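Here is a friendly note to go with your first look at this model. The points below can be taken one at a time, with the structure open beside them.

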Amino acid sequence: MIYLKTPEEIETMRAATTLVSQTLGEVARWIQPGVTTRKLDTIAREFIMDNGGKPACLGYEGFPGTLCIEVNETIVHGFPSDRVLVDGDIVGIDTVVEKDGFMGDSCYTFAVGTISPEKMALCRTTREALYVGIEAAKPGARIGDIANAVQTYCERRNYSIVREMCGHGIGRKMHEAPEVPNYGRRGIGPRLQNGMCICIEPMVNMGSRNIVIEADGWQCRTRDRKPSAHYEHTLCVLDDKVEVMTTFDYIHDAITDKFI
């Protein structure tokens with residue numbers, strides 16, 4: 001069942017979407033060669049709690065971190081660890097914040113130092129695909145319209161779409177109906193209507209779309225170990241308009257010269 005939010009609930013939800021955006025901006029300041037992913041996780045957790053929020057990923061069905069950390073071939077759900085980031089890595093930072101009873105969810109893939117032109121192109125295409133999906137998310141459109149727009153944009157540029165993971169509804173829970181795939185046919189799926197809140201999050205691979213789930217049941221990587229990129233925004237439909245509730249502006253302000 002799709003839970004339609006009232007305008008008042010959406011207004012309350014803004015605190016969470018703002019804080020998750022600010023959290024990614026704070027983490028962005030620390031991403032550089034030599035930092036461990038565990039350090040980034042600690043920074044995020046402390047920032048969220050210092051600003052009145054709750055790190056919703058931490059402990060979720062046993063997940064061990066505040067951040068899902070996605071280095072190079074890791075697609076989603078990477079664990080914070082003592083791994084040291086090195087020049088040329090890309091690292092996706094995906095997190096969810098709970099505040100005032102609602103969730104905000106966002107992800108951004110960062111360059112660590114100087115990355116290859118191939119990784120840069122992958123990141124830019126994936127980020128552009130996010131906004132192509134957002135453009136397709138018009139009131140009255142169907143979820144399949146978003147999915148098809150993302151898929152078409154990426155596959156025309158010879159990238160592959162991860163099919164086992166997808167976007168989702170969001171609100172009082174981290175994951176609500178409907179699912180929002182990144183592939184599919186136009187004209188199918190639920191229609192967007194006032195009160196719907198969804199996350200669009202393209203996960204795009206440089207090589208094959210095939211994935212491997214590690215033995216821990218969480219960490220997901222590309223089978224061919226080629227890089228993957230991931231970007232995400234939280235959206236709502238309010239007053240017959242689609243609004244992007246999260247923002248990358250805090251990231252841009254933190255790393256203007258390295259903003260992909």
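1. The model is a predicted one, in which local features need pLDDT of at least 70 and side-chain atom pairs count only at pLDDT 80 or more, while totals for chains, interfaces and linings use all residues. Residues are numbered from 1 along each chain as its sequence is written, and side-chain values use heavy atoms, with hydrogens and water left out.

2. Where does Glu9 lie? Its place is in helix H1, residues 7-28; helices (H or I, at least four residues) and strands (E, at least two) are DSSP runs, numbered from the N terminus. Glu9 counts as buried because its relative accessibility is 15%. The classes are buried under 20% relative accessible area, exposed over 50%, and partly exposed in between, with a 1.4 Å probe and protein chains only. Beyond its neighbours within four places in sequence, Glu9 is in contact with Tyr3, Leu4, Phe102 and Arg172, where contact means heavy atoms within 4.5 Å.

3. Next, the salt bridges: a side-chain nitrogen of Lys or Arg must be within 4 Å of a carboxyl oxygen of Asp or Glu. By this rule there are eleven salt bridges. In one of them, the side chains of Glu176 and Lys5 meet at 2.7 Å, N to O. This pair links distant parts of the chain, with Glu176 in strand S8 and Lys5 in the segment before H1, 171 residues apart.

4. Arg14 is partly exposed at 21% relative accessibility, and Glu243 is partly exposed at 27%. A network of salt bridges links Glu11, Arg14 and Glu243.

5. Another salt bridge joins Lys138 and Glu135, with the closest N and O atoms 3.0 Å apart. Lys138 is partly exposed, with a relative accessible area of 42%, whereas Glu135 is exposed at 52%.

6. Now for the pockets. On a 1 Å grid over the protein atoms alone, a pocket is an open set of points where a 1.4 Å probe fits, with protein on both sides within 12 Å along at least five of seven lines; lining residues have an atom within 4 Å of a point. Grid points are joined across faces, edges and corners, and a volume is the space filled by probe spheres set on the points. The largest pocket has a volume of about 470 Å³. Its lining has 26 residues, and His77, Cys166, His168, His175 and Glu201 lie nearest its centre. Two or more lining residues come from each of strand S4 (90-99), strand S7 (167-169) and strand S8 (176-180), with S8 giving the largest share, four residues.

7. The second largest pocket holds about 200 Å³ of space. Of its 14 lining residues, Thr74, Gly78, Phe79, Arg83 and Gln219 lie nearest its centre. Strand S2 (68-71) and strand S12 (220-222) each supply at least two residues of this lining.

8. Finally, some backbone details to look at. A cis peptide bond, with omega about 5 degrees, joins Ala177 and Pro178; Pro178 lies in strand S8. Glu61 is a residue other than glycine with a positive phi, near 50 degrees. Glu61 is in the loop between strand S1 (54-55) and S2 and is exposed, with a relative accessible area of 64%. Asn158 also has a positive phi, about 70 degrees, although it is not a glycine. Asn158 lies in the loop between helix H4 (143-155) and strand S6 (160-161) and is exposed at 66%.
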